Amino acid sequence: MTSISPDGRGVDSALDPSAEQIRDMGGRAVEWIAAHHDSIRDLPISPRTSAAVLKELLTEPLPAEGRDFADLLRVFREVVVPGSRHNGHPRFFGYVSAPGSAVAAVADLLASTLNANVVAWRSAPAPTELEHVAIDWIKEALGCDPGAGGLFMSGGSMANFTALAAARHRHCGDAVATHGMAAHPAPLRVYASTETHHSIHKAAALLGIGRTNVREIPVDAHFRMDVDALVSAIAEDRAAGAEPFCVVANAGTVVTGAVDPLADIAVVAREHGLWMHVDACYGGFARLAPSARPLFDGLSEADSISLDPHKWLYLPADCGCLIYRDPEAARPAFSMDAHYTRVMETEPAEAFAFWDYGPDLSRRFRALKVWMTLAHAGSQTVSDAIESNLDCARHLAELVTDSVDFELLAPVELSIFCFRYLPPGARAGSRSQADEEHLDRLNERIMVTLQQAGSSYVSNATINGRFALRGCVVNYRTTRRDMQILLDDVRRAAAQAIEEMR
């Protein structure tokens, strides 16, 4: 049992350690953090382990007695770290996964220590104001109007869900909010390209709109939404008695990184009275890079924009973001009165509540790592890092195009690249369906072999029906040299895969 000191503090309590104990724990943890950042390039990207091995190492009954922090840190270092995939490695190109940064990690530690619940101004005055500042910086980076507003969320999926909820409420009003979708007389329609992230379909399902009411619009040769097809689909649906209410454009698709023609889609949305949402979770912050900025013309005309600062602002997860062009247009979808949330403040800024603009009540202090990273690094440093990532992907495309044993399967628009290995003789002449299927199987085997080897890591995609090795550069550590190493690693994996498939 913990004894009590004369000042009322617990003595030797694991829940309330002394300042000296905290310094000891923090010092040990920071030493590991520094060593990890210093050595991450030399680590194998993927662990060679299994669920059974990890379960054996980690499973134990609920402990009745506590253990020393040094022992827990040992388990972290010796089991958790080597049993993890290291997304911060400069040649981790899988999915869209940023490395995090040291200053953001420290910010997360500070935010967790302060433990502010950023629900409303009265709950966390300074953290709320800091979130407004960080949102203003993001608005400026995107070229949004000063009257726009927003909030941080867990990630892009929740931001997309929230945007569709706001769009549905603007179209349907309180009847659906009160009585459900059965109160609306006609089916709703959402429009999105065939390349749109599945979170849009999931949001439609969860909101009662229905996945079949997300109408997929075909794309052009660069995987961008066909605007003429969008206009035709809207006309067809209206003629059939459905109600178009929202169009979702992409600012960096998850498969190829394509950016839809945002300005043209904005014109269509205005003409037909649709809420325009832009999924910019992956690509939106590329607007900071001068070479990519023209792709984002029309972004500021969107009614809502979803972003993931834990992607191209290089932050650790989780940190999503949703920007509203007119926050008051979204507010009716989420504002509800309850006696325990009644606002007493009369000053508008102090009466502000984040629950009026999204589904969450409890909210962690995500803004601190956004603010601290941008304030510490500066937007120019972030811009330069993004520009370097774009350059690395373009360089990979050039290396592939100039090679005799690789083939590019999609244009490189931002920092995603899709390619495949070609064995000797496969490039020449036309290929049969059987040849294509063999290439699919070979490249799938190459990917698995590459991932297990630990030097480079790519994920997979399907491009025009063909299996592709897909990579995404969102790491400030990655250089052009890493792109050459990746291709060399793929060649070694290909040699092994070909031998195993004989």
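Visitor: Which helices do the buried residues of H3 pack against?
Guide: Helices are DSSP runs of H or I with at least four residues, strands are runs of E with at least two, and both are numbered from the N terminus. Buried means under 20% relative accessible area, exposed over 50%, and partly exposed in between (1.4 Å probe, protein chains only), while contact means heavy atoms within 4.5 Å. On those terms, the buried residues of H3 pack against helix H1 (19-39) and helix H2 (51-58).

Visitor: What kind of model is this, and which atoms do side-chain values use?
Guide: This is a predicted model, where local features need pLDDT of at least 70 and side-chain atom pairs count only at pLDDT 80 or more, while totals for chains, interfaces and linings use all residues. Residues are numbered from 1 along each chain as its sequence is written, hydrogens and water are left out, and side-chain values use heavy atoms.

Visitor: Why are the buried residues of H3 on the same side?
Guide: Helix H3 spans residues 69-80, and its buried residues are Leu73, Val75 and Val79. The arc is taken from the directions from the helix axis to the C-beta atoms. These residues lie on the same side of H3 because they cover an arc of only 160°.

Visitor: Which residues make side-chain polar contacts with Ser456?
Guide: Ser456 sits in the loop between helix H15 (433-453) and strand E12 (459-463), and counts as buried because its relative accessibility is 1%. A polar contact is a pair of N or O atoms within 3.5 Å; within protein, one must be able to donate a hydrogen and the other to accept it, and residues adjacent in sequence count only if both atoms are side-chain atoms. At 3.3 Å the partner is Arg91, and at 2.6 Å the partner is Asp489.

Visitor: Is Asp356 buried or exposed?
Guide: Asp356 is in the loop between helix H12 (327-330) and helix H13 (367-377). Its side chain makes polar contacts with those of Arg331 at 2.8 Å and Ser335 at 3.2 Å. With 6% relative accessibility, Asp356 counts as buried.
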